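This report treats local features of a single protein model. Please read it alongside the sequence and the coordinates.

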Amino acid sequence: MDRKHILVFAHYYTPDVASTGQILAELAEGLESDFDVTVVCTVPSYTGKIDPSYKEKRYYREEINGVSIIRVRVPEFSKSDKKSRIKNIVCYFFRALNAARKTKNVDIVFSISQPPILGGLLGSIAKALKRAKFVYNIQDYNPEQTIAVSYSRNKTVLKLMMALDKHSCRRADLVITVGRDLVETMNKRFEGKKVPKTVMINNWIDEKEISPLDKDEEHVIAFKERYGLLNKRVFMYSGNIGLYYDLENILKTISTFKDNDEVAFAFVGEGSVLEKLKRYKEENDLENIVFIPYQDKKDLVYSLNAADVHFCVNAKGIKGVSVPSKVYGIMAAQKPVLAVLEERSEARLLIEDTGCGIVADPEDYEGIRMAIESFIVKTDEELAEMGRRGREYLEKCLTKDISIDKYRTALESL
């Protein structure tokens with residue numbers, strides 16, 4: 001039987017540190033044994049900067065672990081500058097489409113919901129160009145996400161965004177979402193009438209790469225020493241420090257613990273609100289808060305294990321719109337979760353079902369403060385037990401192999 005050829009549109013792809021780029025790399029490599037896989041993505045540029053080695057041509061071809069990769073050059077951008085981000089995204093759209101047009105013998109087009117709206121359009125247009133099946137992987141819904149964080153209030157633009165993305169959903173032969181609440185959103189979009197075929201497959205973390213380590217492991221100790229975290233109860237937020245997490249207000253809540261020198265709050269990552277958080281720290285003399293750069297993938301296991309408790313947060317209105325993938329890494333590292341998530345959202349359901357953390361509602365800042373207080377007074381043994389419950393559930397139901405097998409089955413059925 002001939003191997004089917006899958007053309008994957010991935011805005012970001014390894015070595016970029018974007019969580020979707022890492023997920024798609026592991027998915028593409030996991031499918032490579034049964035499919036020919038070609039990925040169209042940007043040159044490494046998640047931080048906004050581009051290495052000089054990728055500035056000479058418009059297109060670069062590579063192969064990583066059996067996966068063919070076409071990288072398109074895009075303009076550099078600033079995450080705090082809307083115009084530069086839009087220019088970057090639009091450039092990727094047209095160059096990715098041109099790369100797809102030149103790719104031969106495509107059987108399945110696989111596109112994700114990033115960049116917003118344009119990711120779906122890439123898939124729907126490529127379906128027509130290649131006369132292929134189309135799988136639309138919705139990692140997050142837009143314009144719902146845009147509306148939730150008030151990124152735009154232009155009703156005409158938002159209405160157009162909704163119409164375009166619903167068109168992409170209709171064109172898809174299969175829509176795959178990453179949470180139970182996201183399946184509900186699809187039903188709401190179409191009001192139960194002619195709802196596109198939709199299934200849910202959880203995202204994942206490689207549980208073999210991210211695993212619990214002893215608190216005295218040398219790399220964990222080195223990480224703590226480097227950032228002043230030794231002999232403290234460490235609360236960590238690891239990931240995109242961006243618009244969708246209400247981090248500015250959560251930082252104000254954290255500041256009420258400024259005089260407790262036995263705790264530390266570490267923010268690991270980059271994003272559009274990072275500079276605001278840094279300014280707030282300096283203006284309020286918050287010595288027990290530290291900002292740490294993104295960690296290389298090979299070092300992520302050490303930074304995750306350096307925390308006693310991990311934040312997993314979304315802003316109000318994100319339920320049914322996206323699922324914070326960081327929850328899988330926290331569970332894999334066998335750490336308890338301080339979750340700021342809406343009721344019935346996928347990540348909160350996982351945490352409540354397993355008992356691996358404490359939850360609070362978004363914008364309930366007193367509830368968040370009380371959750372922090374509760375974690376401070378818990379014993380190491382109590383924290384370890386919470387983390388163990390999360391890891392056990394992940395090993396049983398949420399491993400990389402389990403989710404990739406579900407994707408394989410879905411793609412083979414087309």
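The sections below cover the basis of the analysis, a pocket, a surface patch, salt bridges and backbone geometry.

## Basis of the analysis

The model is predicted, and local features need pLDDT of at least 70, side-chain atom pairs count only at pLDDT 80 or more, and totals for chains, interfaces and linings use all residues. Residues are numbered from 1 along each chain as its sequence is written, and side-chain values use heavy atoms, with hydrogens and water left out.

Helices (H or I, at least four residues) and strands (E, at least two) are DSSP runs, numbered from the N terminus. Buried means under 20% relative accessible area, exposed over 50%, and partly exposed in between (1.4 Å probe, protein chains only).

## The second largest pocket

The second largest pocket holds about 460 Å³ of space. A pocket is defined on a 1 Å grid over the protein atoms alone, with a 1.4 Å probe, as an open set of points with protein on both sides within 12 Å along at least five of seven lines; lining residues have an atom within 4 Å of a point. Grid points are joined across faces, edges and corners, and the volume is the space filled by probe spheres set on the points.

The lining of this pocket consists of 25 residues, and those nearest its centre are Lys-79, Ser-80, Gly-271, Ser-272 and Val-273. Two or more lining residues come from each of helix H2 (82-101), helix H9 (274-283) and strand E11 (289-292). H9 supplies the largest share, with four residues. By class, the lining of the second largest pocket has 10 charged, eight nonpolar and seven polar residues. In this classification Ala, Val, Leu, Ile, Met, Phe, Trp, Tyr, Cys and Pro count as nonpolar, Asp, Glu, Lys and Arg as charged, and the others, Gly among them, as polar.

## A nonpolar surface patch

Ile-86, Val-90 and Phe-94 make a nonpolar surface patch of about 290 Å². Val-90 belongs to helix H2 and is partly exposed, at 34% relative accessible area. Patches are made of residues with over 30% relative accessible area and no salt bridge, like charges being joined within 9 Å and nonpolar side chains (Val, Leu, Ile, Met, Phe, Trp, Tyr) within 5 Å. Accessible areas come from the Shrake-Rupley method with a 1.4 Å probe, and for residues only the protein chains shown count as cover.

## Salt bridges

The model has 25 salt bridges, each a side-chain nitrogen of Lys or Arg within 4 Å of a carboxyl oxygen of Asp or Glu. One of them joins Glu-26 and Lys-297, at 3.4 Å from N to O. This pair links distant parts of the chain, 271 residues apart, with Glu-26 in helix H1 (residues 19-31) and Lys-297 in the loop between E11 and H10. Glu-26 is buried, at 11% relative accessibility, whereas Lys-297 is partly exposed, at 38%. The loop between E11 and helix H10 (300-305) also holds Asp-299, which is partly exposed at 23% relative accessibility. Asp-299 lies 9.5 Å from Phe-223, C-alpha to C-alpha, although the two are 76 residues apart in sequence.

Asp-165 and Arg-189 form a salt bridge in which the closest N and O atoms are 2.9 Å apart. Here Asp-165 of helix H5 (residues 155-171) is linked to Arg-189 of helix H6 (residues 180-189), 24 residues apart, and both residues are buried. Within helix H15 (residues 400-412), Arg-408 and Asp-405 are separated by about one helical turn because they are three residues apart. The closest N and O atoms of their salt bridge are 2.4 Å apart. Arg-408 is buried, at 15% relative accessibility, while Asp-405 is partly exposed, at 41%. A network of salt bridges links Glu-385, Arg-388, Arg-389 and Glu-392.

## Backbone geometry

The peptide bond from Gln-114 to Pro-115 is cis, with omega near 0°, and Pro-115 is located in the loop between strand E5 (108-112) and helix H3 (118-130). A cis bond also runs from Asn-142 to Pro-143, with omega near 20°; Pro-143 is in the loop between strand E6 (133-138) and helix H4 (144-148).

Lys-194, which is not a glycine, has a positive phi of about 50°. Its place is in the loop between H6 and strand E8 (198-200), and Lys-194 is exposed, at 81% relative accessibility. Arg-344 likewise has a positive phi, near 70°. Arg-344 occupies the loop between strand E13 (337-340) and helix H12 (346-354) and is exposed, with a relative accessible area of 52%.
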